[in-house]
There are 2 protein chains.
Amino acid sequence: MDNQKDIYNIGEDVCSINLIHEKSVENAKKALLTEDVYTDLSDTFRIFGNPTRLKIMSLLAVEDLCVCDISEALSMSQSAVSHQLRTLRGQNLVKFKKEGKQARYSLSDRHVVEILKIGIEHVLE
Amino acid sequence: MDNQKDIYNIGEDVCSINLIHEKSVENAKKALLTEDVYTDLSDTFRIFGNPTRLKIMSLLAVEDLCVCDISEALSMSQSAVSHQLRTLRGQNLVKFKKEGKQARYSLSDRHVVEILKIGIEHVLE
DNA sequence: TCGATATATGATAATTTGTTCATATGTACA
DNA sequence: TGTACATATGAACAAATTATCATATATCGA
């Protein structure tokens with residue numbers, strides 16, 4: 001028991017008494033996924049955490065558009081939009097197809113719209 | 001038409017030809033929500049964009065827990081956890097109830113679990 | 001009331017993020 | 001081949017974020 005206390009309290013600021021709700025903690029811990037999953041998951045959600053990217057995704061939920069269209073629609077510089085599209089591509093949230101000089105972007109994943117939808121529900125409630 | 005070009009091109013880096021896909025742009029723009037909604041929405045999603053907060057939410061999806069339990073479960077300092085709980089509270093993603101010296105936290109919204117679930121689906125595919 | 005414990009929070013430093021500016025790349029067409 | 005246009009990207013700088021440390025607040029029990 002003293003032994004166990006040491007295990008959980010290696011010079012850390014963690015709670016100093018042994019375990020407040022030991023059973024609950026053990027149970028909840030079982031639901032934790034691997035570190036990698038949380039890294040990927042937070043990387044993905046982070047992408048949704050920016051108004052410009054959300055607007056881009058909203059637009060693409062309606063129509064496939066080229067970079068220039070998006071710049072137009074959002075009154076933002078081509079550069080800013082292109083950088084954000086790159087970020088979105090990086091997490092596989094949008095994809096694109098070259099069409100001559102242009103690149104036509106579209107959402108790559110039904111999850112994108114689902115996540116947007118639930119987020120909007122949450123915000124509007 | 002020259003006139004119109006000026007409107008859309010006020011010294012900006014925006015596309016210099018008039019409108020590539022005018023109809024599509026007009027149509028997609030109709031789907032844009034207000035600036036406020038995008039601000040709230042990105043504030044909410046930003047919260048999901050951090051592994052520590054995701055882990056906290058995962059734990060709370062299983063069991064209501066006090067701060068100390070969470071510190072324990074994640075081997076993180078009480079301070080770090082408390083700061084993150086504050087952030088989560090700020091977006092109404094968790095709530096808490098004082099119980100004596102402790103504060104027992106729980107998820108405040110079914111949307112939290114739904115968003116987590118879809119996010120995990122996206123990541124694991 | 002005093003000491004221990006549970007939680008909250010202000011300040012700080014290291015890191016990350018988002019836009020802008022300048023420029024590069026690539027395609028079309030005259 | 002040369003020019004115009006659509007997109008991509010590197011550098012840079014300001015703003016935001018996250019964990020840590022130190023400390024404050026609040027509650028319980030002796």
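**Where the chains meet**

Author: Between chain B and chain A, 17 residue pairs are in polar contact, both residues of each pair having pLDDT 80 or more, a confidence value that applies here because this is a predicted model. On the side of chain B that touches chain A, H7(B) supplies the largest share, with 12 residues, and the residues of that side divide into 32 nonpolar, 20 polar and 15 charged.

Reader: How many residues does each chain bring to the contact, and what area do the two chains bury?

Author: Chain B gives 67 residues and chain A gives 67 residues, and between them they bury about 5900 Å², of which 68% is on carbon and sulfur atoms. Within chain B, the residues that lose the most area to chain A are B:Phe45, B:Glu72 and B:His122, which together make up 12% of what that side buries.

Reader: What makes B:Glu35 and A:Lys55 a salt bridge?

Author: A salt bridge needs a side-chain nitrogen of Lys or Arg within 4 Å of a carboxyl oxygen of Asp or Glu. For B:Glu35 and A:Lys55 the distance from N to O is 3.0 Å, so the pair meets that rule. Because B:Glu35 lies in helix H3 of chain B and A:Lys55 in helix H4 of chain A, the pair joins two chains. In general, side chains of opposite charge can pair when their charged atoms come close.

Reader: Why is B:Cys66 called buried, and what is it in contact with?

Author: B:Cys66, whose place is in strand S1 of chain B, has a relative accessible area of 2%, which is under 20%, so B:Cys66 is buried. Leaving aside neighbours within four places in sequence, B:Cys66 is in contact with A:Ile20, A:His21, B:Gln102, B:Ala103 and B:Arg104.

Reader: What makes B:Ser79 a polar contact of DNA strand C?

Author: A polar contact is a pair of N or O atoms within 3.5 Å, and an N or O atom in the side chain of B:Ser79 is 2.7 Å from a base oxygen of DNA strand C, so this pair qualifies. Polar side-chain atoms of A:Thr52 and of A:Arg53 each lie 2.9 Å from a phosphate oxygen of DNA strand C.

Reader: Which element gives the most to the surface near DNA strand C, and how do its residues divide by class?

Author: H6(B) gives the most, with 6 residues, while the surface near DNA strand C as a whole has 8 nonpolar, 12 polar and 6 charged residues.

How values were computed: Residues are numbered from 1 along each chain as its sequence is written. Chains are lettered from A and ligands numbered from 1 in the order in which they are written. This is a predicted model: local features need pLDDT of at least 70, side-chain atom pairs count only at pLDDT 80 or more; totals for chains, interfaces and linings use all residues. Side-chain values use heavy atoms; hydrogens and water are left out. A polar contact is a pair of N or O atoms within 3.5 Å; within protein, one must be able to donate a hydrogen and the other to accept it, and residues adjacent in sequence count only if both atoms are side-chain atoms. Helices (H or I, at least four residues) and strands (E, at least two) are DSSP runs, numbered from the N terminus. Ala, Val, Leu, Ile, Met, Phe, Trp, Tyr, Cys and Pro count as nonpolar, Asp, Glu, Lys and Arg as charged, and the others, Gly among them, as polar. Contact means heavy atoms within 4.5 Å. Buried area is the accessible area (1.4 Å probe) that two parts lose on being put together, summed over both. Buried means under 20% relative accessible area, exposed over 50%, partly exposed in between (1.4 Å probe, protein chains only).
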